[in-house]
Amino acid sequence: MKKRADDPHAKPKPSAYNKALGLLARREHSRKELRQKLDRSGYARDEASEALERLGTQHYQDDDRFAEALIRNRFGQGYGPMRLRAELKSHGLPDARIRSLLDAADIDWAQSAAAQLRRRYGAGGPVDPAERARRAQFLLRRGFAAATVRDVTHAEVDDASDENP
């Protein structure tokens with residue numbers, strides 16, 4: 001049974017600050033992501049802005065910390081730098097900051113790409129060009145740069161896929 005707004009037993013709506021704090025207690029969120037969730041929950045723009053400012057001042061919300069956690073998570077899932085760059089950009093991080101965070105992560109992308117190939121296709125190398133191309137496409141879809149894919153698979157790959165999404 002749905003409760004009515006004037007029901008005296010209905011829970012009061014938490015403040016935007018408390019709502020955002022609850023979201024952050026579960027996992028890291030970008031500022032943009034929190035803003036969108038607060039907007040969808042019907043909070044006034046001013047109240048949401050004040051809540052986000054307060055959370056930032058108290059270091060409960062930090063886009064750099066969010067990005068570092070996302071990079072670690074997606075790297076662990078086997079995704080490449082192009083995929084990470086696109087995802088971080090969708091969370092509102094500037095290109096320069098994304099570049100510096102990816103550089104600071106100090107990840108060997110070629111080693112990661114090779115590990116993904118071994119996980120997916122086993123230890124044996126491809127014997128024919130069609131299989132080599134199939135493996136290259138797999139790595140490109142995972143977000144690895146064309147140069148890295150070329151080095152790992154020895155397949156001919158178009159550099160146009162390295163452009164920022």
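**Note on the aromatic rings**

1. Phe 138 is buried (under 20% relative accessible area; exposed is over 50%, partly exposed in between; 1.4 Å probe, protein chains only), with a relative accessible area of 4%. The model is predicted: local features need pLDDT of at least 70, side-chain atom pairs count only at pLDDT 80 or more, and totals for chains, interfaces and linings use all residues. Residues are numbered from 1 along each chain as its sequence is written, and side-chain values use heavy atoms, with hydrogens and water left out.

2. Rings of Phe, Tyr and Trp (its six-membered ring) pair if their centres lie within 6.5 Å; planes under 30 degrees apart are stacked, over 60 edge-to-face, and the rest tilted. This rule gives 3 aromatic pairs. In one of them, Trp 109 and Phe 144 have ring centres 6.4 Å apart and planes at 70°, so the pair is edge-to-face. Trp 109 is in helix H7 (residues 109–121), while Phe 144 is in the loop between helix H8 (129–141) and helix H9 (146–153), 35 residues apart. Helices are DSSP runs (H or I, at least four residues), numbered from the N terminus. Trp 109 and Phe 144 are both buried.

3. The rings of Tyr 121 and Phe 138 are also edge-to-face, because their planes are at 90°, with centres 5.8 Å apart. Tyr 121 lies in helix H7 and Phe 138 in helix H8, so the pair ties together parts 17 residues apart in sequence. Tyr 121 is partly exposed, at 24% relative accessible area.

4. Phe 75, Trp 109 and Phe 144 form a cluster linked by ring pairs.

Methods:
Helix = DSSP H or I, 4+ residues; strand = E, 2+ residues; numbered from the N terminus.
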